[in-house]
Amino acid sequence: MRGRVVAIEAIWDGDTVHDWFVRLLALTTDPVAEAPMATVYWSTAKRYLGEHEADAPRHPVAAAAERAGRALAEHLSVPFHFASPNTPDDEAPRWRP
């Protein structure tokens, strides 16, 4: 990926096949861009979290994406942004530097 990573962002998306899912993006400068890092679907989230956590009241896709996104952001020493971690919302505000 070109550019310096300045943040990791989780954003909701969805379709009729996969229902709601979360995309993890690396946001860069010089050039300003976003690079897809991962897409977290329901089945992936359940495997990642395990059955106990996957049955928690919070959407498992959000919980898995937040855990992975925070770990990646911490590893890169950049901020993590997830504007709507508790409710699927594909129009939630995006990260701005």
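Reader: Which residues line the largest pocket?
Author: In this predicted model, the lining of the largest pocket is made up of Val6, Glu9, Leu27, Thr28, Thr29, Val32, Ala33, Glu34, Arg94, Trp95, Arg96 and Pro97.

Reader: And how do those divide into nonpolar, polar and charged?
Author: The lining residues of the largest pocket divide into 6 nonpolar, 2 polar and 4 charged.

Reader: Which strand gives the most to that lining?
Author: That is β2, which gives 3 residues to the lining of the largest pocket. At least two residues each are supplied by β1 (4-15), β2 (19-29) and β3 (33-40).

Reader: How much space lies in the largest pocket?
Author: The space in the largest pocket comes to about 150 Å³. As for the general idea, rolling a probe the size of a water molecule over the atoms shows where empty space is left.

Reader: Which residues of α2 are buried?
Author: The buried residues of α2 are Pro60, Val61, Ala62, Ala63, Ala64, Ala65, Glu66, Gly69 and Ala73. In general, an α-helix has 3.6 residues a turn, so residues three or four places apart point the same way.

Reader: What follows α2?
Author: Serine 77 follows α2, and the phi of serine 77 is positive, near 60°.

Reader: Let me pick alanine 62, then; why is it counted as buried?
Author: Alanine 62, which is found in helix α2, counts as buried because its relative accessible area is 0%, and buried means under 20%.

Reader: What is alanine 62 in contact with, leaving aside its neighbours within four places in sequence?
Author: With those neighbours left aside, alanine 62 is in contact with Trp12, Phe82 and Pro85. Methionine 37 is 25 residues from alanine 62 in sequence, and their C-alpha atoms are 15 Å apart in space.

Reader: Now serine 84: where is it found, and is it buried or exposed?
Author: Serine 84 is found in the segment after β4 (80-81), and serine 84 counts as buried because its relative accessibility is 11%.

Reader: What does its side chain reach?
Author: The side chain of serine 84 reaches the backbone oxygen of threonine 87, at 2.4 Å. Once neighbours within four places in sequence are left aside, serine 84 is also in contact with Trp12, Asp89 and Ala92.

Reader: So which residue turned up in both contact lists?
Author: Trp12 is in contact with serine 84, and Trp12 is in contact with alanine 62 as well.

Note on methods:
Residues are numbered from 1 along each chain as its sequence is written. This is a predicted model: local features need pLDDT of at least 70, side-chain atom pairs count only at pLDDT 80 or more; totals for chains, interfaces and linings use all residues. Side-chain values use heavy atoms; hydrogens and water are left out. Helices (H or I, at least four residues) and strands (E, at least two) are DSSP runs, numbered from the N terminus. Buried means under 20% relative accessible area, exposed over 50%, partly exposed in between (1.4 Å probe, protein chains only). A polar contact is a pair of N or O atoms within 3.5 Å; within protein, one must be able to donate a hydrogen and the other to accept it, and residues adjacent in sequence count only if both atoms are side-chain atoms. Contact means heavy atoms within 4.5 Å. On a 1 Å grid over the protein atoms alone, a cavity is a set of points where a 1.4 Å probe fits but cannot get out, and a pocket is an open set with protein on both sides within 12 Å along at least five of seven lines; lining residues have an atom within 4 Å of a point. Grid points are joined across faces, edges and corners, and a volume is the space filled by probe spheres set on the points. Ala, Val, Leu, Ile, Met, Phe, Trp, Tyr, Cys and Pro count as nonpolar, Asp, Glu, Lys and Arg as charged, and the others, Gly among them, as polar.
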